[in-house]
Amino acid sequence: MSGFLAWLRERIPVQGAQLHELTNEPVPNHLKRWWFALGGTPAYLFVVQIITGILLAFYYQPAAATAFESVRYITEEASFGWYLRSLHKWAATLMIAAVILHQMRVYFTAAYRRPRELNWVIGMCLLMCTLLTGFTGYSLVFEQLSYWGATVAANISDAVPVIGSFAKQMLLAGDNYNERTLSRFYILHAAVLPTTIILLVVVHIIFIRLHGVTELKLEDEPEDKPKHFNFFPDHILTELMIGLVLMVLLSALATIFPATMGPKADPLTTPEVIKPEWFFYVSFRWLKLFSLTFAVLSTGFIVGAMFLWPWIDKVLRRITGIEDISVYIGIVATFALVGLTVWEAAVAH
Amino acid sequence: MTVTAKQYIIGFLGLMFLASLVFVQMMEVERKKAESGKGVAHAVIPASSRSCVECHQKSSPGIIDHWQGSTHANKGVGCVECHKAAKEDIDAFDHYGSIIATIVTPKDCGRCHKTETEEFLASHHAKAGNILASLDNFLAETVEGSRVPFNPHSPTPGKEVDVVNGMASVNVGCRQCHGSKIALEGTNGSLITVDELKPDADGVPTNLEMVSLVKKDDNGRPVLHDGSWPNTGIGRLNLDGSRGSCSACHSRHDFSPRRARQPENCGKCHLGPDHPQKEIYEESKHGVAFRDLKEHMNLDAKHWVLGEDYTQAPTCASCHMSGHTRNGGKVTHDPGERLSWTNRPPVSLVMDTDINGAVIKEADPVERQKQIVSSWQDKRQEMKNVCLHCHTQNYVNAFYKQYDDFVVNYNEKFAKPGVAIMGELRKQELLTKQDFDEEIEWTWFYLWHHEGRRARHGASMMAPDYAHWHGMYEVAERFYQQLIPQAREIAEHAGESGKADQAQAVLDLIDDILARPEHEWFEQAKKLADAGPASVTTEAVAATTEDKAAPAETATPAAGGNEEAKSSDAPKADAAPKEPESEPAETDGK
């Protein structure tokens, strides 16, 4: 055995101490509270998505003629197909929710401030990629709502000045939804976006590792207590527990509310009610409130502001002199976000 | 701000966000349910109907509840959209500021459902009210009841009855399927119907004198005659000149397509001894499969296209009305469009129809061809297109061969002879002009109207027991054991009472019919019995009769011969034991 270890160590010249040093980042005490440890949740769910996604890809056929039937086959005939598809659907929902919760935590604790501005930008990129993956994935089902959701989304992107029509062309592979659109969505959903997410996550973690986790001093903590604890095994255990709870939650959701089949996409019949996936409810409601161009431009402006928030925060603090100005703005923004989402959910049109 | 405070802010906002997601998911589940038709769809109450809904929610909540589950409610079609009326409409009245009418006619439904209404109006369904002067109606009006009210002949303890409404059976029976002639009460005691009102194309009455006669109640509403309303008979004769009632099949106020697609819906009328289509369907493999697989039949689907939305089993609607993949999903509201035989009359006719959709009776082939707008072959092809979703071409063709053979056998063996015998009795004036006052008229009615239809419908929809035991068996029994003896008896009585020629004509006809190969078996044994040992006797009898012939007794040889044959049961069994016995045995074996 020791002979084998020596052989291995010679081929992979990494020392145990180095490995320990590399992985065992000192973790600030506040992360002992699980709600501060939600950054790992999207990553965990992302792994679930990759595994279930690969299994679903075995069956899925990205063409207008076969897509719906292949999803139906997965849902109704393939062994455990319904379960895998439901897990995939619910993990997507939870992943987006977890990304948003994680971002809220980072935002309200101002963890994006110097020197971590770039990691916030990477986080924003991850949010965008996650939303796009959700959108393209939903469209793949090729049922009425997903088809019309994609059509509406393409028409919205058309309203963006200058680059709009080009963006629409790129998205749909033509002026309209056509037989090449689905394969484009599929490649984006199953290859381009996941790879991008993996790369961004790696950079995201490298940045965390380089800067260390933002240290938050909780008032009720005794002064003499050590400020950090070990990543391994202490923090890993917390993450494992969160993972197990998530798995139970996912499994329960997938079983109680399994993914179903709507009517097949019919380009000739516009459904009564068109709704995008829930994470676009905010922008959908926003669009309905204003003229299309204004809504699209203002959405672009808001997203841009989110990307640049670490610097905007700095400017705002300097101008107003209020240290927690971003917290107040954040509260208003969260209420707006939740309000618009609920509004869109509650009404048919 | 302390970290703890921020922690609470994050906690609160995070929970609020998660709660909003739960709400979003809940709404999504609800919407999916509504889409698949399983949930209560969101009712959109149009402003014009808001006050109706508020008030009727208290006074008659069932109406509102039914409506709220309907597609109408989901699409914002409220009370006023259907019930609204023009001021000039004869039955219009002001109801809390809206001019409405109680009865919604196909003309009203046609405001939105134009194609459906047109198809319906072209159908036999819309003409169901034509029965109101027919043989069937005479039965209910006169035989079962009385056309004029009469006085009770003894008291009904606990209830004061001053007059008996003899039309009760018509109102409750016939008209609830066939449709009533809607009538308003007049101030002079008369009844005002579409015949008096003479409405124009818009349904507005042109006979203003009659309009002024309409009786109004305390609230200013025209009074609908209780004999004619409530009524949802499918061929209702409405005051606006339109025919029919859409709610006959699309029950108010939910107008559920799901219900209209199920056989029970048609079973309100298409059942019973004279046309048990629903029971026939239930006995058939089609009905058996439906009962088993109903849950999988997607009955809530928006279009319910056979071959696309379901294939498990057909219902009445599937074959006679619904869309399927071979006709592009086109629904028809004329259930006659796919029928190649009409099995309604005593003798079945092929469904060549003229420009008015009426079945052509013309016999001359050239003249007939000129009148055909839609041939029975076209209609059969329409039906075959339905069958082919689950059966092969050969199978369907062979089924139709069996069905055609069955109907033709019934027509030729019993129906046409029956028509001929009854016709001859009338022609020879051996029956009174009055229907149903003689036994043979009931016999004949049972034969074609009940048993004959049961047999033919049984064959048309693959119910063997109805085709045979409830059908042809009873037709045969009625024909041989009742119709023929009763006709002969009438003739014999006529012969005895000095109508020898007339009687002879009838008896000759009967003999001609019974001499046909398909009837030959019936009296063969008797004939053989007569012909064997009695061949000499018969001649001798004939000779003696000739000798002694009195002019008035011309009819007696035949009548006597018959009488003899009838009473000679014993010689029949003795003289020809083998043939008659072997034949029934074979029949039993089949």
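This is a predicted model: local features need pLDDT of at least 70, side-chain atom pairs count only at pLDDT 80 or more; totals for chains, interfaces and linings use all residues.
Helices α5(A) and α10(A) lie oblique to each other. Residues are numbered from 1 along each chain as its sequence is written, chains are lettered from A and ligands numbered from 1 in the order in which they are written.

### Two partners for α5 of chain A

Helix α5(A) covers residues 81-108, and helix α10(A) covers residues 231-256. Helices (H or I, at least four residues) and strands (E, at least two) are DSSP runs, numbered from the N terminus. The two axes cross at roughly 120 degrees and come within 8 Å. Axes are lines fitted to C-alpha atoms, for helices over the stretch in contact, and angles run from 0 to 180 degrees between N-to-C directions.

Which residues of α5(A) and α10(A) make the contact? From α5(A) come A:Y83, A:S86, A:L87, A:W90, A:A91 and A:L94. From α10(A) come A:L250, A:L253 and A:A254. Contact means that C-beta atoms, placed from the backbone, lie within 7 Å. By class, this contact holds eight nonpolar residues, one polar and no charged. Nonpolar covers Ala, Val, Leu, Ile, Met, Phe, Trp, Tyr, Cys and Pro; charged covers Asp, Glu, Lys and Arg; the others, Gly among them, are polar.

The other partner is α6(A). Its axis and that of α5(A) are 10 Å apart, at an angle of about 160 degrees. That makes the pair roughly antiparallel. On the α5(A) side, the contact residues are A:A92, A:M95, A:I96, A:V99, A:Q103 and A:V106. They meet A:G123, A:L126, A:L127, A:T130, A:L131, A:G134 and A:G137 in α6(A).

Helix α7(A) runs over residues 144-158. The expected span is 1.5 Å times one less than the number of residues.

Which residues of α7(A) are buried? They are A:Q144, A:L145, A:S146, A:Y147, A:W148, A:G149, A:A150, A:A153, A:A154 and A:I156. Buried means 20 or more other C-beta atoms within 10 Å of a residue's own; exposed means 12 or fewer, and partly exposed lies in between. The cover over these residues includes α6 (117-140), α8 (164-172), α11 (281-289) and α12 (292-307) of chain A.

### Two residues in detail

A:A57 sits in helix α3(A), residues 40-57. It is partly exposed, with 14 other C-beta atoms within 10 Å. A:T181 belongs to helix α9(A), residues 181-211. A:T181 counts as buried because 22 C-beta neighbours lie inside 10 Å. Leaving out residues up to four places away in sequence, A:T181 touches A:L172 and A:A173. The table sets out one pair for each residue.

| Pair | Separation in sequence | C-alpha to C-alpha distance |
|---|---|---|
| A:A57 and A:Y186 | 129 residues | 9.6 Å |
| A:T181 and A:Q169 | twelve residues | 9.8 Å |

### Chain B and the interface

Chain B has 27 helices and six strands. Of its 590 residues, 34% are buried. Among its contacts with a separation of 6 or more, 62% join residues 24 or more positions apart.

Helix α8(B), residues 135-144, and helix α9(B), residues 168-178, cross at roughly 150 degrees, and their axes come within 8 Å. They are therefore roughly antiparallel. B:D136, B:N137, B:A140, B:E141 and B:E144 of α8(B) meet B:S169, B:V170, B:G173 and B:C174 of α9(B). The classes are three nonpolar, three polar and three charged.

How many residues of chain A are in contact with chain B? There are 28, and they meet 24 residues of chain B. Helices α5 and α14 (325-346) of chain A each supply at least two residues to this side of chain A. The largest share, eight residues, comes from α14(A). By class, the side of chain A that touches chain B has 19 nonpolar, five polar and four charged residues.

Notes. Angles under 35 degrees count as roughly parallel, over 145 as roughly antiparallel, 65 to 115 as roughly perpendicular and the rest as oblique. Two residues are in contact if their C-beta atoms, placed from the backbone, lie within 7 Å.
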